[in-house]
Amino acid sequence: MADPIALRAGNGSAAGETPVVRVRGLVNHFGEQVVHDGVDLDVRRGEILGVVGGSGSGKSVLMRAVLGLRRADAGRIEVLGMDATSTDPVLRRHIQRSTGVLFQDGALFSSLTVGENVQVPLKEYYPELPESLRYELALLKIKLAGLPADAIDKLPSQLSGGMRKRAALARALALDPPLLFLDEPTAGLDPIGAAAFDALILTLRRALGLTVFLITHDLDTLYAICDRVAVLADRKVLATAPVAELERLDHPWVQEYFNGPRARAARATAGAND
């Protein structure tokens, strides 16, 4: 079996390159419940990094801490070379403008049309833009997310689950962020819809030069599009490596997750598509 320390050594970025996200010694707890106890993680520029872990391992808590939506109890977080734990409002605003987020349920405003949802960050950060230009930019992002043009005037309730995910993705892309956070983007989608969403993320990464932080439990997604995968277990990032290396890691949860029947099926599918 592979040595977890050796796998963890692959956590850093390429030589001489500063990680887009750097987490060191992160601690998060809720009362007496410790969720993270010394989490270290690097996200390399241009990669799609998958984040996996069992229920309660703190995947979404980690993402929220990196985004500054939750104040960590200890540790240091850098995003795009900036201190993400800073309370400086100018710095916080710059980080927020440089990151796009797709939350697990999409988190669209139900009373706004898709176009109005996509325009929310544009109004927040570029209020001087003419309304006509905001509309055109929203339409561009909607098409970029794989939705038809007529979706711009529809309410979220008029869309299918897969279309709502794409609408939320369009909003996440509104400000052309270099860094994209996706929380369970294929949850609730049928296999065809999930595969199409995975293919869209790959296309956007290539076309826009995105770095993607992707929380998922979808093994097909891990095998199909992730360059590396970070495993959250035992309150830490146990290892960060390509899936093929994680399959050899001698840890009970990792073995069950990456060598179970569903993982074998996902591996076979990925191999057939290569």
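Before going on, a word about the model. It is a predicted one: local features need pLDDT of at least 70, side-chain atom pairs count only at pLDDT 80 or more, and totals for chains, interfaces and linings use all residues. Residues are numbered from 1 along each chain as its sequence is written, and side-chain values use heavy atoms, with hydrogens and water left out.

Back to Thr99, which lies in strand E6, residues 99-102. Helices (H or I, at least four residues) and strands (E, at least two) are DSSP runs, numbered from the N terminus. Is Thr99 buried or exposed? Thr99 counts as buried, because its relative accessibility is 12%; buried means under 20% relative accessible area, exposed over 50%, and partly exposed in between, with a 1.4 Å probe and protein chains only. Leaving aside neighbours within four places in sequence, Thr99 is in contact (heavy atoms within 4.5 Å) with Leu67, Val79, Pro177, Leu179 and Phe181.

Now please look at strand E3, residues 48-53. Six of its six residues are buried, so E3 is largely enclosed by the rest of the structure. Ile48, Gly50 and Val52 point one way, while Leu49, Val51 and Gly53 point the other way. Which strands does E3 pair with? One is E8, residues 211-215, in the parallel sense over four bridges, and there Gly50 stands opposite Leu214. Another is E9, residues 228-233, also parallel, over five bridges, with Val51 opposite Ala230. Two strands pair if DSSP finds at least two bridges between them.

Elsewhere, four strands form an open sheet with antiparallel pairing, in the order E2-E1-E4-E5. Its edge strands are E2 (33-43) and E5 (82-83), each pairing on one side only. E1, residues 21-30, and E2 share eight bridges; the partner of Phe30 in E2 is Gln33.

Finally, the helices. H4 (residues 114-125) and H5 (residues 131-144) pack at about 115°, with axes 9 Å apart. Axes are lines fitted to C-alpha atoms, for helices over the stretch in contact, and angles run from 0 to 180 degrees between N-to-C directions. Residues making this contact include Val118 and Leu122 of H4 and Tyr135 and Ala138 of H5.
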